[in-house]
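Hello,

Here is the structure I promised to pass on to you. Please open it beside this email, and then read on for what turned up.

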Amino acid sequence: MSEFRPFFKNAHLATIAGNFWKRNLDLTRFPGRPSIWDTEPGVQVMAMSHEPGGTAIGELFILHGLEGSHDSGYCQSLAQTALARGFRVHRLNMRGCGGTEELSKTLYHAGLTQDLRSILEQRRAAGHGPFCLAGFSLGGNVVLKLAGELGEHGRELVAAVAAVSTPIDLHACCLELRKRKNRLYEERFVKSLKERYRRRARAHPELYSLEGLDEVRTVIGFDDRITARYFGFGSAERYYALQSSGQYVPEIRVPALVIQAQDDPMIPFSVYERARLDRNSQVRLRATAHGGHVGFIARERPRFWVDQPIVEFFASQVGASTR
């Protein structure tokens, strides 16, 4: 795996640059088409799907982070790298994201693995595969949690998973987000979450109440008042305890690559030290000194460093699964 040589050693610059730096996905070479799946009664989700130039060596599902979408820059650049390597790629939207609110009346949350699992089962039944899963931030929590939930049956459905900048301890990470240094990020997340929820309430007033929404100022506040109550967790603290992927890591039985910057402003590296990922031989933690949160902008080209090690890792695993 290539060494990461950071363009920015300041974690906030790396994080902001990773969000705004233009990514390239050659839609002339790899045109996208919407794929819509029914994942449970009354719920549909959409992915933007792309075919490689020749026969696919495998299928990659990419999951975005909190309030992201299939158009998030990191989804686009990873898709480009994977397509060029021969993977069929699906940039999957979580429920209601990426302009898909009409497909489902429901919300999404950090541990909602049902949709992805249903899609994989449908694809497998249709004779497709092998499947690789890559998740960024909240999407990383989803793919690690799913791999852990599958346990000993994981290899029947998944060849490998990769997770980048993943909040494996949701409570600890949301507390970190509340710190003054992260005010900009939290305000942006909360604004987007509230705007999305208001759209839901306007479209389905019988399902959603706006009571108390104006008083929400933090992600924890939103999760306590909205997410936890809607999904029946009761409180944000219980929601985080049940849905954090760190507790599922010991059960992962498929090759997993976890990439995490030690200077991530939103994720204290101590959550990884406590999780002791090295106790599971299937899990490889690639910890870098710098990179920020879903940043990893390299000093040299290709700029988006995480794409290459992820795709190389997946290529090695799908090759092993077909021998």
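L184 is exposed, because its relative accessible area of 57% is over the 50% cut-off. Please keep in mind that this is a predicted model. L184 sits in helix α6, which covers residues 183–203. Together with I16 and F20, L184 makes a nonpolar surface patch of about 330 Å².

Now for the inside. The largest nonpolar core has 64 residues, and L116, L120 and L133 are the ones with the most contacts inside it. Helix α4 (residues 138–150) gives this core its largest share, 7 residues. There is also a second, separate core of 34 residues, which includes Y74, A134, A162 and A261. As general background, nonpolar side chains tend to be buried together in soluble globular proteins.

Leaving aside residues up to four places away in sequence, L133 touches L60, F61, L116, L120, V143, L146, V158, A160, V161, A162 and F314. Among these contacts are L116 and L120, the two residues named beside L133 for the most contacts inside the largest core.

Next, a histidine. Is H50 buried or exposed? H50 counts as buried, because its relative accessibility is 0% and the cut-off is under 20%. H50 belongs to strand β2, residues 43–50. A polar atom of the H50 side chain lies 3.4 Å from the backbone oxygen of P31. P31 is also one of the residues that H50 touches, and the others are L25, L27, F30, G32, L83, R88, V89 and R91, again without counting residues up to four places away in sequence.

Finally, there is T106, found in the loop between β4 (87–92) and α3 (114–125). Although T106 is in a loop, T106 counts as buried at 16% relative accessibility. Which side chains make polar contacts with the side chain of T106? One is the side chain of S104, at 2.7 Å, and another is that of R95, at 3.1 Å. Beyond four places in sequence, T106 touches R95 along with V43, R200, Y208 and Y230.

Best wishes

Key. Residues are numbered from 1 along each chain as its sequence is written. This is a predicted model: local features need pLDDT of at least 70, side-chain atom pairs count only at pLDDT 80 or more; totals for chains, interfaces and linings use all residues. Side-chain values use heavy atoms; hydrogens and water are left out. Helices (H or I, at least four residues) and strands (E, at least two) are DSSP runs, numbered from the N terminus. Buried means under 20% relative accessible area, exposed over 50%, partly exposed in between (1.4 Å probe, protein chains only). A polar contact is a pair of N or O atoms within 3.5 Å; within protein, one must be able to donate a hydrogen and the other to accept it, and residues adjacent in sequence count only if both atoms are side-chain atoms. Contact means heavy atoms within 4.5 Å. Patches are made of residues with over 30% relative accessible area and no salt bridge: like charges are joined within 9 Å, nonpolar side chains (Val, Leu, Ile, Met, Phe, Trp, Tyr) within 5 Å. Accessible areas come from the Shrake-Rupley method with a 1.4 Å probe; for residues, only the protein chains shown count as cover. A salt bridge is a side-chain nitrogen of Lys or Arg within 4 Å of a carboxyl oxygen of Asp or Glu. A nonpolar core is a set of buried Ala, Val, Leu, Ile, Met, Phe, Trp, Tyr and Cys residues joined through side-chain atoms within 4.5 Å.
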